[in-house]
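Please look over the sequence and the model shown below. The paragraphs that follow go through it piece by piece.

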Amino acid sequence: MSLLDTLNQLRESAKQSLLEAKDSATLEKLKNQYLGRKGELKDIMGRIKEVANEEKGLFGKTMNDVKNELTDILEEQVKIIGACKSSKTSVQPDPTLSGQMRDMGTIHPLTQVREKICSIFERMGFSIVDGPEMEDDFHNFEALNIPADHPARDDAETFSLEAGGLLRSQTSSVQIRTMEKTRPPLRILSPGRVYRPDTVDATHHYAFHQLEGLAVDTDITFADLKSCLHLFAQEMFGIETKIRLRPSFFPFTEPSCEVDVTCIFCHGVGCRVCKQTGMIEVLGCGMVDPNVFKAVGYDPEKYTGFAFGIGIERVTMLTTGVDDIRRFQECDLRFLRQFV
Ligand code: DAH
């Protein structure tokens, strides 16, 4: 066999091996074997003196062609194997890996308590109404029988808005807005955020939540108020819960009361939370003052009604045992995840 034949044979076998190579290590090996400094091509080249003079031209040209062809195939194969390798890691899924967990949200504890309170009163025929957080003097104070010289109207007690008006300091303002546009009988409940410029500490915040209740009809009595609140306390804190009404004062109700419930921690025995009294204060209430009816155009001779105001943070702190009101605003997932 002539050296030219040997060269052509090498070309065929080298091409086949290069095209069959499956990984870069094999390619590297083949490169050395055929094209390397001590490779088979160099070996054949070293035997050029065996070629007859008149065939040297053809031999030299073939030698160059083989070298170029093999180099091209090698480069192409390097690219293909490299691409396969990277596509393997990024696209092909590994079915043995565990799945990715999605973060599940939970309902905020204040929302849970608000929903529970609302559902209790809804079952007693109350409907939920909403009102604006930006209010005016009339709805937040005047119509609620809070006179201009009342301490609650002091500038330091409310957030005033530059454009006029204020941020409501109580949801009682929604009583007024509802009565202005509705005729009795009515039973409404209005949950929402209220604002007071209080210094923030474990029991105070400048933004917190209340729930205002109002019932108006021709023959509503104090007994209705009492039984309604007793039912609420039993549903909210447990069937054994008793309530106690203590005389108090609110400008928009007369008579007015503060309502205590049996301490949910010691069940009335006396403990640190209830300061050994066995009872805990949860809300304010009373019979709607005739002046409030007059402010909205209701006839106080014809209609009577009761109202009450519940602090949502307060009830939540009691039912969950959270002892710092700031926790509810901090958006700390470690805290919030506890309330599934
Ligand atoms: N608005 C009162 C407050 O912010 C709560 C309240 C007390 C509302 C008695 C009432 C009520 O409707 O009758 O402290």
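How far apart should the ends of helix α2, residues 24–35, be at 1.5 Å a residue? The model is a predicted one, and its coordinates can be set against that expectation. Helix α2 has twelve residues, so at 1.5 Å a residue it should span 16 Å.

Which residues of α2 are buried? They are Leu27, Leu30 and Tyr34. Viewed down the helix axis, these buried residues of α2 lie within an arc of 65 degrees, and therefore they line one face of the helix. Ala25 and Lys29 are exposed, and they sit on the other side of α2. The N-terminal end of this helix is capped by Asp23. A side-chain oxygen of Asp23 lies 3.2 Å from the backbone nitrogen of Ala25.

Helix α5 can be read in the same way. It has 14 residues, and at 1.5 Å a residue these should span 20 Å. The end C-alpha atoms of α5 are 20 Å apart, which agrees. The buried residues of α5 are Pro109, Leu110, Val113, Ile117, Cys118, Ile120 and Phe121. Around the axis they cover an arc of only 165 degrees, so they are on the same side of α5.

Val113 belongs to helix α5, which runs over residues 109–122. Its relative accessible area is 8%, and Val113 is therefore buried, as the limit for that word is under 20%. Between Val113 and Arg187 there are 74 residues of separation in sequence, and their C-alpha atoms are 20 Å apart in space.

Next comes strand β4. This strand covers residues 186–195, and Ser190 is part of it. Is Ser190 buried or exposed? Its relative accessibility is 0%, so Ser190 counts as buried. A polar atom in the side chain of Ser190 lies 3.0 Å from the backbone oxygen of Val129.

Pro247 has a relative accessibility of 75% and so counts as exposed. Pro247 and Ser24 are 223 residues apart in sequence, and the distance between their C-alpha atoms is 90 Å.

The model also holds a ligand. There are 15 residues around the ligand, and those that come nearest are Gln170, Ser172, Arg196, Gln210 and Glu212. By type, the residues of this shell divide into five nonpolar, eight polar and two charged. Which atoms of the protein come close to the oxygen atoms of the ligand? In the side chain of Gln210, an N or O atom is 2.8 Å from an oxygen atom of the ligand. For the side chain of Gln175, the corresponding distance from an N or O atom to a ligand oxygen atom is 3.4 Å. Ala307 takes part through its backbone: one of its polar backbone atoms is 3.2 Å from an oxygen atom of the ligand. Taken alone, the ligand exposes 360 Å², and the protein buries 89% of that. The elements that give two or more residues to the shell around the ligand are β5 (207–217), β8 (279–288) and β9 (304–311).

Some features of the backbone remain. Most residues other than glycine have a negative phi, and most peptide bonds are trans. Against this background, a few places in the chain stand out. Pro184 and Pro185 are joined by a cis peptide bond, with omega about 0 degrees. Pro185 is in the loop between α7 (173–181) and β4. The peptide bond from Glu254 to Pro255 is cis as well, and its omega is near 0 degrees. Pro255 belongs to strand β7, residues 253–262.

Where is His267 found? It is in the loop between β7 and β8. His267 is not a glycine, but its phi is positive, near 55 degrees. With a relative accessible area of 64%, His267 is exposed. Cys331 is also a residue with a positive phi, about 55 degrees, although it is not a glycine. The loop that holds Cys331 runs between α10 (312–320) and α11 (333–336). The relative accessibility of Cys331 is 60%, so it counts as exposed.

Key: Residues are numbered from 1 along each chain as its sequence is written. This is a predicted model: local features need pLDDT of at least 70, side-chain atom pairs count only at pLDDT 80 or more; totals for chains, interfaces and linings use all residues. Side-chain values use heavy atoms; hydrogens and water are left out. Helices (H or I, at least four residues) and strands (E, at least two) are DSSP runs, numbered from the N terminus. The expected span of a helix is 1.5 Å times one less than its number of residues. Buried means under 20% relative accessible area, exposed over 50%, partly exposed in between (1.4 Å probe, protein chains only). The arc is that of the directions from the helix axis to the C-beta atoms. A polar contact is a pair of N or O atoms within 3.5 Å; within protein, one must be able to donate a hydrogen and the other to accept it, and residues adjacent in sequence count only if both atoms are side-chain atoms. A residue is near a molecule or strand if one of its heavy atoms lies within 4 Å of it. Accessible areas come from the Shrake-Rupley method with a 1.4 Å probe; for residues, only the protein chains shown count as cover. Ala, Val, Leu, Ile, Met, Phe, Trp, Tyr, Cys and Pro count as nonpolar, Asp, Glu, Lys and Arg as charged, and the others, Gly among them, as polar.
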